[in-house]
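Please keep the sequence and the model side by side while reading.

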Amino acid sequence: MNIYQSPMSAGSGSVSDIQAYEVTLPVIPEREYHITEYGAVGDGVTDNTEAFRLVIAACADAGGGRVIIPAGVWLTGPIVLRSRIELHVEAGALVTFSRNFDQYPLIASSFEGWQAVRCQSPIDADGLEDIAITGEGVWDGGGEAWRPVKRSKMTASQWKRLLASGGVVEQAGEDEQIWWPSQSALDGTALAERLHREKVLDVAAYQGIRDFLRPNMVSLRRCTRVLLDGPTFQNSPAWNLHPWACEHVTIRNVSVRNPWFSQNGDGLDIESCRHALVEQSVFDVGDDAICMKSGKDAEGRELGLPSEYVTIRDCTVYHGHGGFVIGSEMSGGVRHVRVMDCTFIGTDIGLRFKSARGRGGIVEDIQIERIYMKDIIMEAISFSFFYANQEGSARGGDLAQEVSEETPVFRDIRISEVVCAGADTALFVSGLPEMPLDSVSIEGYSVEARTGVQCAQAKHLQITNLQARITEGPLIHLHNCKGAALEGIRGMGADGKLLLVTGLDSAGIVCREADADTDGRQISVGPEVRNGVIIRR
């Protein structure tokens, strides 16, 4: 097992005693089964689906063991795992999954926070114990056969080649075209949405839109003691790695790759899992890279399975919509998460927290430290609770709505020792007026960005030891924030303002900067801000 010490908070800012936090590894019998002994041929042409089925069945019937896949190119349909089995892809082995959709039966699965009917995943496991995928080989999901592609994300020559491959084109608005692999894939959105609204999970009702129901590449559902160690997982039809409702998940030394333009091309989505460790892995993907989820809206709240006791460390993210992400499907809650010693290079957003009204759920006790970022396209750190399926961070308004079980709650989040060499925005917060972001502490943050701190609708915010170099606007802009404390702020506002406070609901802004009101360090308030809101100490 993996055991290390981690302070686990009881929530609302109080930290409990240090506890032993363990992730138990799978126990695999020491028996080996070679796929070549069951008729497999590694020529990249022979269909090895039956060979994989036979070798896994023989291994499982014997009580489990290790299935060896040697160097070669191994074409296959979906692989269904069984308990106490390790798939070991040796160096030089490339497993490629078939582009024939008929080989992927429709099954009850999970996608984007809901129970759903999808095509069976290339690597599929449900209700298993003690499973592993190891080795230095490569798993390729054949995602180019499944994914829609936006013309705006391709060069002219790439688009021309894509059209020549077949498929159909949808005109999506005045300026955008989307390629789909077939007409049924294009038509699938409307029918899938209707069936979901009607809560239809009968597989037969979805047969006509099979092409639309592209699977996640590795789907692990309700499994216990899982290990992914060593391989490259790439080119997934939808999400790449998706453990759902699993316990004791270890992911280490893996490389997760998708084209930057891949629709829903997430790297790792840990959803409703308990006790997980992700370490020493590299992500370069088309959507969020390392993401925490726990179900969506009413269904997620009713299921009530949080993602909890998760540690992510020593990972590198290149392209991705977010480096480390929580949400937007977090309705069952996310808590007791530790992220440390990670590097994000050229990522759209670095640390990303996102949700929306209707989700509900509580995100709390999140500790993030020693994060190193370079050339972040948008926000280095983002909290946005007006998510609307867009790549960036959505801005919200000041009109409050009634608080209910549908109101998401984010609180008790501590971020420290962060360096960002280049971003559009240093820190962005767009909280809900009726449920502001609560008890966030940012300490020891060095950042170079176009704009500084833009924070709306937060309470009990602490920013300590911030070194910011910005080229536009005020260093810090707080809008309708309550109980904020600023101390050890170094840097100057490009417009001459250290701090700008706006919003009628602003209150209790404590500024401990002795040199405030010097050149480039002015404190300014909007005309609507009440007297006495800023407290200087």
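This is a predicted model: local features need pLDDT of at least 70, side-chain atom pairs count only at pLDDT 80 or more; totals for chains, interfaces and linings use all residues.

A residue is called buried when its relative accessible area is under 20%, exposed when it is over 50%, and partly exposed in between. Glu 144 itself is partly exposed, because its relative accessibility is 36%.

This pair belongs to a total of 35 salt bridges in the structure. Another is formed by Asp 288 and Lys 354, whose closest N and O atoms are 2.7 Å apart. Here too the pair links distant parts of the chain, since Asp 288 sits in the loop between strand 26 (282–284) and strand 27 (290–293), while Lys 354 belongs to strand 32 (residues 351–354), 66 residues apart. Both of these charged residues, Asp 288 and Lys 354, are buried.

A further salt bridge joins Asp 375 to Lys 374, with 2.6 Å between the closest N and O atoms. Asp 375 counts as partly exposed because its relative accessibility is 38%, and Lys 374 is likewise partly exposed, at 43%. Elsewhere, salt bridges with shared partners connect Asp 124, Asp 126, Arg 221 and Arg 222 into one network.

We now turn to the empty spaces. Rolling a probe the size of a water molecule over the atoms shows where empty space is left. The second largest pocket has a volume of about 290 Å³.

How many cavities of 30 Å³ or more does the structure hold? There are three of them, and the largest cavity contains about 40 Å³ of space. The residues that line the largest cavity are Gly 113, Trp 114, Gln 115, Trp 244, Glu 271, Gly 295, Glu 299, Gly 300 and Leu 303. Two elements, strand 11 (114–119) and helix 4 (297–303), each give two or more residues to this lining, and helix 4 gives the most, with three residues. Sorted by class, the lining of the largest cavity has three nonpolar, four polar and two charged residues.

On the outside of the model, Val 282, Tyr 318 and Ile 345 form a nonpolar surface patch, which together has about 210 Å² of accessible area. Tyr 318 is placed in the loop between strand 29 (316–317) and strand 30 (324–326), and it counts as partly exposed because its relative accessibility is 36%.

Asn 264 gives a contrasting case of a loop residue, as it is found in the loop between strand 23 (255–257) and strand 24 (268–271) and yet is buried, because its relative accessible area is 17%. Its C-alpha atom is separated by 8.4 Å from that of Pro 237, which is 27 residues away along the chain.

A cis peptide bond, with omega about -5°, joins Gly 327 and Ser 328, and Ser 328 lies in the loop between strand 30 and strand 31 (334–345). Lys 199 is a residue other than glycine with a positive phi, near 55°, and its place is in the loop between helix 3 (183–197) and strand 18 (218–221). Is Lys 199 buried or exposed? Lys 199 is exposed, because its relative accessible area is 74%. Ala 245 is also a residue other than glycine with a positive phi, near 55°, and it is located in the loop between strand 21 (241–244) and strand 22 (247–252). Ala 245, however, is buried, because its relative accessible area is 16%.

Terms used. Residues are numbered from 1 along each chain as its sequence is written. Side-chain values use heavy atoms; hydrogens and water are left out. Patches are made of residues with over 30% relative accessible area and no salt bridge: like charges are joined within 9 Å, nonpolar side chains (Val, Leu, Ile, Met, Phe, Trp, Tyr) within 5 Å. Accessible areas come from the Shrake-Rupley method with a 1.4 Å probe; for residues, only the protein chains shown count as cover. A salt bridge is a side-chain nitrogen of Lys or Arg within 4 Å of a carboxyl oxygen of Asp or Glu. Helices (H or I, at least four residues) and strands (E, at least two) are DSSP runs, numbered from the N terminus. Buried means under 20% relative accessible area, exposed over 50%, partly exposed in between (1.4 Å probe, protein chains only). On a 1 Å grid over the protein atoms alone, a cavity is a set of points where a 1.4 Å probe fits but cannot get out, and a pocket is an open set with protein on both sides within 12 Å along at least five of seven lines; lining residues have an atom within 4 Å of a point. Grid points are joined across faces, edges and corners, and a volume is the space filled by probe spheres set on the points. Ala, Val, Leu, Ile, Met, Phe, Trp, Tyr, Cys and Pro count as nonpolar, Asp, Glu, Lys and Arg as charged, and the others, Gly among them, as polar.
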